[in-house]
Amino acid sequence: MNNASLELGGTNWAEKDASLLGYTVSDDSGRFFPQEFTFSRGSNLAATRIGKTGLIEKGRENLVLQSNSFDTTWAQNRVDLTSGQSGYDGGSNAWQLQSNDASTTYLQQSVAVSGIQTISLYAKVGTADYLAFYASSGARAWFNLNSGSISSSSSNIDTQIENVGNGWYRCSMSYNASTTYVRIYVADVNANFTSAIGANIYIQDAQLEQGLAASPYIPTTTTTAQAGVLENTPRLNYTTGVANPSLLLEPSRTNLVRYSEYYEGTGWILGTGVLTSNTTETTSPEGLYNAAKFVDTNNGAQLYHSGMPVTASTQYTFSFYAKGDIGTPTLAVYDESNGAFILVDIAYSISEDSWTRIEETITTPVGCTSLRVYPIRGTGSGTIYFYGAQVELGSYPTSYIPTYSVSATRGQDTCIKTDATGEINSTEGVLFIEGKVEEEDSFAVSTLSISDGTDSNRLSILQYRSSPLIRASMNVGGATQFDMQIGGQTRGLYYKIAAVYSENNCSLFINGVKIGNDTSATMPSPNTFNKIGFVIAADQYNYQGNVKQVLLYPTALTDAEAITLTTP
């Protein structure tokens with residue numbers, strides 16, 4: 001069997017400079033040549049993926065400017081700054097922040113942020129003991145840099161201090177508010193913003209971000225900066241392990257929960273029971289201390305979200321992550337418009353040691369415009385930990401969409417290579433995919449195609465999500481040349497599918513079986529096809545599902561070779 005003229009995935013998934021990399025292999029030298037696929041989602045910070053460590057990865061943004069250039073856009077109030085100090089990271093990028101007046105002394109930066117926020121800074125003791133944070137909302141905290149402890153705080157959700165070595169600490173404060181500025185103080189008295197003349201501390205790398213915990217530092221200059229899973233980041237999902245990721249391609253979805261991680265935010269209501277945000281007893285599915293702890297003290301405690309706006313006679317899916325030793329908890333969904341339960345005390349099982357994503361789909365009754373969702377309705381005393389609540393319109397759950405005070409929308413994933421003329425043989429070859437799709441009720445199709453960008457000239461493999469159907473078809477000059485299909489697929493399972501095409505000899509193979517053959521197909525002219533992507537032609541029937549591998553061969557394979565290629 002000849003080498004594929006283009007391969008995407010398999011054991012060689014790679015991304016570079018916001019592109020997904022496929023590759024070709026030279027028959028002569030065996031060398032790999034990268035081929036870039038354009039990837040886009042159209043929305044930053046709303047998408048997540050499961051990374052190589054098995055943890056959820058998010059998009060992140062540092063919202064302060066000049067995050068380690070405190071003598072630029074930071075307003076200075078009665079302070080002196082000295083750069084070039086030894087830093088926590090072994091370099092000389094730290095600053096001495098020193099009071100030059102026996103009064104309040106601080107650095108300030110204007111911001112415009114609402115909802116859950118965390119400010120963080122690396123700091124080290126000098127002649128003064130205390131670093132203090134203050135936000136315009138009134139949230140404040142003092143950190144004792146001598147003892148490495150939190151001294152006092154108020155009007156915030158959480159404060160943390162982490163020892164990073166050599167006398168340095170990363171200090172953070174989380175709060176829920178609308179913020180117009182943040183301040184960094186040097187103080188020599190606990191719970192006081194004043195300091196004596198000459199009192200100083202050392203600081204480095206400020207960060208303000210949305211979320212309940214400080215994430216890895218992102219440097220900024222004249223603009224904010226982002227990192228992690230962004231708009232053009234291919235979501236290589238490692239749910240099946242580091243050695244075998246899949247490409248996650250999903251539709252646009254909106255998380256209707258306004259506070260997906262903060263269960264004291266708007267909409268959430270605590271019945272009996274004890275709720276603790278940002279528990280330090282366990283890390284969350286993203287590896288940070290931003291999960292909530294709920295203790296059921298009376299065998300019937302409740303935590304629920306009220307006032308969820310919905311449309312009647314429509315499918316919605318809700319999901320959340322949980323673990324704990326509470327036994328067998330139950331969930332419920334209540335129709336607030338009609339005053340009746342849709343689901344009552346549905347038991348679910350969780351582990352004490354590992355996170356489980358609980359998922360449930362319901363259809364709203366006639367007249368229903370508002371839901372009350374109970375992640376826990378209480379069936380026994382014990383402790384349960386929560387993270388990542390989500391309610392989305394759709395018949396199945398998609399990946400987690402974080403929210404910090406308002407609903408958030410993740411855009412649809414698209415992936416295409418538009419300059420593939422050299423890799424595509426328009427007159428003969430094989431198009432192959434190993435992928436799986438989820439079931440949907442309304443008409444829905446996931447597609448992989450080679451084309452000229454139009455429906456008139458294209459070869460497509462189609463996996464239907466609305467029916468158990470797999471199909472392959474080719475159009476040339478607007479006329480159908482072959483169209484083969486078979487029913488009976490099980491949505492949610494991977495299939496290996498190959499469409500073999502050449503003049504008057506086209507076939508479809510699925511999981512090692514030849515499905516059909518057409519002996520009267522006319523092929524397009526050479527170099528007609530110049531694009532390959534997860535779409536039928538011009539942004540229609542985008543692929544939605546998981547993809548393990550895509551192959552494109554420049555010559556038609558024999559039946560035996562195609563059977564070998566597609567055998568699971």
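Here is a friendly walk through the inside of this structure, from its core to its salt bridges and its cavities.

This is a predicted model, in which local features need pLDDT of at least 70 and side-chain atom pairs count only at pLDDT 80 or more, while totals for chains, interfaces and linings use all residues. Residues are numbered from 1 along each chain as its sequence is written, and side-chain values use heavy atoms, with hydrogens and water left out.

Let us begin with the core. A nonpolar core is a set of buried Ala, Val, Leu, Ile, Met, Phe, Trp, Tyr and Cys residues joined through side-chain atoms within 4.5 Å; buried means under 20% relative accessible area, exposed over 50% and partly exposed in between, using a 1.4 Å probe and protein chains only. The largest nonpolar core has 42 residues, and those touching the most other members are L247, I433, I450, I532 and F534. Leaving aside residues up to four places away in sequence, the contacts of F534 (heavy atoms within 4.5 Å) include L8, L247, I433 and V550.

Next come the salt bridges. A salt bridge is a side-chain nitrogen of Lys or Arg within 4 Å of a carboxyl oxygen of Asp or Glu, and the whole structure has 20 of them. One joins the side chains of R235 and E250, with 2.9 Å from N to O. R235 sits in the loop between β17 and β18 and E250 in the loop between β19 and β20, so this pair ties together parts that are 15 residues apart in sequence. R235 and E250 are both buried.

Another salt bridge links E392 and R253, whose closest N and O atoms are 2.7 Å apart. Because E392 lies in strand β30 and R253 in strand β20, the pair ties together parts that are 139 residues apart in sequence. E392 is buried at 0% relative accessible area, and R253 is buried at 8%.

In the salt bridge between D419 and K417, the closest N and O atoms are 2.9 Å apart. Here D419 is exposed, at 52%, whereas K417 is buried, at 4%. Salt bridges that share partners also join R41, R235, E250, R410 and D413 into one network.

Finally, where is there empty space? Rolling a probe the size of a water molecule over the atoms shows where it is left. A cavity is a set of points on a 1 Å grid over the protein atoms alone where a 1.4 Å probe fits but cannot get out, and its lining residues have an atom within 4 Å of a point. The structure holds three cavities of 30 Å³ or more. Among the residues lining the largest cavity are W268, H305, F318 and Q390.

Conventions
Helix = DSSP H or I, 4+ residues; strand = E, 2+ residues; numbered from the N terminus. 1 Å grid on protein atoms, 1.4 Å probe; cavity = no way out; pocket = protein on both sides within 12 Å on 5 of 7 lines; lining within 4 Å. Points joined across faces, edges and corners; volume = space filled by probe spheres on them.
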